[in-house]
Amino acid sequence: MKKHNFSAGPCILPQSVFKESSEAILNFNHSGLSILEISHRSKDFMAVMEEAQHLALDLLRLEDKGYKALFLQGGASTQFLMAAYNLLEKKAAYLNTGTWSSKAIKEAKLFGEVEEVASSKDKNFNYIPKNYSIPADADYLHCTSNNTIFGTQIKEFPTVNIPLVCDMSSDIFSRELDFSKFDLIYAGAQKNMGPAGTTLVVVKEDILGKVSRQIPSMLDYQVHIGKDSMFNTPPVFAVYTSMLTLRWIKQKGGIAGVQKLNEEKAALMYGEIDRNPLFEGFAALEDRSMMNATFNLKDEKLKDLFEDLAKVAHINGINGHRSVGGYRASMYNALPKESVEVLVNVMKELETQA
Ligand code: PMP
């Protein structure tokens, strides 16, 4: 039986994508060959890469605006250093909203001066700092749109005159934004897009080529752009599965279509967290993430009962990250609303039994 999967990532993907990608492992495009055994330069795979790149830019409304989409390897963690390698000449500005921002800052410091414009570390990252100033002489501002661990999300992005770089690993393709505000967006695939193994990088070409250092080929965005994301063997299966998920998002009405469902799921989840006297939310109300809802039991003695009820209801993956504790319900694009209803019913049942 299929479980209700609230995992933070890798996580749920559409069932139709699981089915179609598993069929392609046995017989890709009725070719008599597995997707895993064909050349990445074959006509069939080149078409996959092209469609994945096209769909990514199309869904973000960035086609014909000077952007390129790349499917790279090394996870979002490699982008922490790659962004700095390619863009940081002297000084960069970073907004610190959690563990992943902190890791990005650590890597950037290897390449130049980092000015932390604001941090929410004082309250264990349960909010998004506001009203900070950004140095006009910084090479770029880096932020994290959604803080997977703490369950906070930036609702309004700063308007800046310097390049804006954003780690969108855990909320890419989940809500409409003016993506043309950003000059570099990156996201590990393993939340809203596909399996672990590829990272989507969307970069505005005119910000590149401005640093004086030499960049190793594998870490140079311009090299990957020059080779259309085929500089070396791409992670074919991860790109194929991502392409299928991007098609699925398009069929759902694009980002606007999935956003509507995401809003409904989040309203249901937070509604119960706020209504149920046994629970309390972790993140500041105005900064709550639509993707990861973090919450705690007020009385730890109910832990076993709550977790038993969740298990019986076939709920998977709600334990919070060790740095926050409590619970985290990740509600990525592919999570059906019905799964949230099941979790909400378990929370109500706890109230009855406690
Ligand atoms: N950024 C964010 C916001 C994340 O949630 C994660 C992983 N959960 C990462 C970066 C790191 O991604 P990866 O494991 O692909 O390096």
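I began with contacts, where two residues count if their C-beta atoms, placed from the backbone, lie within 7 Å. Residues 24 or more positions apart account for 67% of the protein's contacts with a separation of 6 or more.

I noted that this is a predicted model, in which local features need pLDDT of at least 70, side-chain atom pairs count only at pLDDT 80 or more, and totals for chains, interfaces and linings use all residues. Residues are numbered from 1 along each chain as its sequence is written.

I looked up secondary structure and found 9 helices and 14 strands, taken as DSSP runs (helices H or I, at least four residues; strands E, at least two) numbered from the N terminus. The radius of gyration is 21 Å, close to the 20 Å from the globule rule for 354 residues, so the protein is as compact as a globular protein of that length. The radius is taken over C-alpha atoms, and the rule is 2.2 Å times the number of residues to the power 0.38.

Next I traced an open sheet of 7 strands with mixed pairing, in the order E2-E10-E9-E8-E5-E3-E4; pairing requires at least two DSSP bridges between two strands. Strands E2 (67-72) and E4 (113-119) are the edges, each pairing on one side only.

I then checked E8 (residues 164-167) against E9 (residues 184-188): they pair in the parallel sense over 3 bridges. Val-165 stands opposite Leu-184 in E9. Helix H3 (residues 75-87) packs on the sheet, touching E8 and E9 among other strands, and its direction makes about 155° with that of E9. Axes are lines fitted to C-alpha atoms, for helices over the stretch in contact, with angles from 0 to 180 degrees between N-to-C directions.
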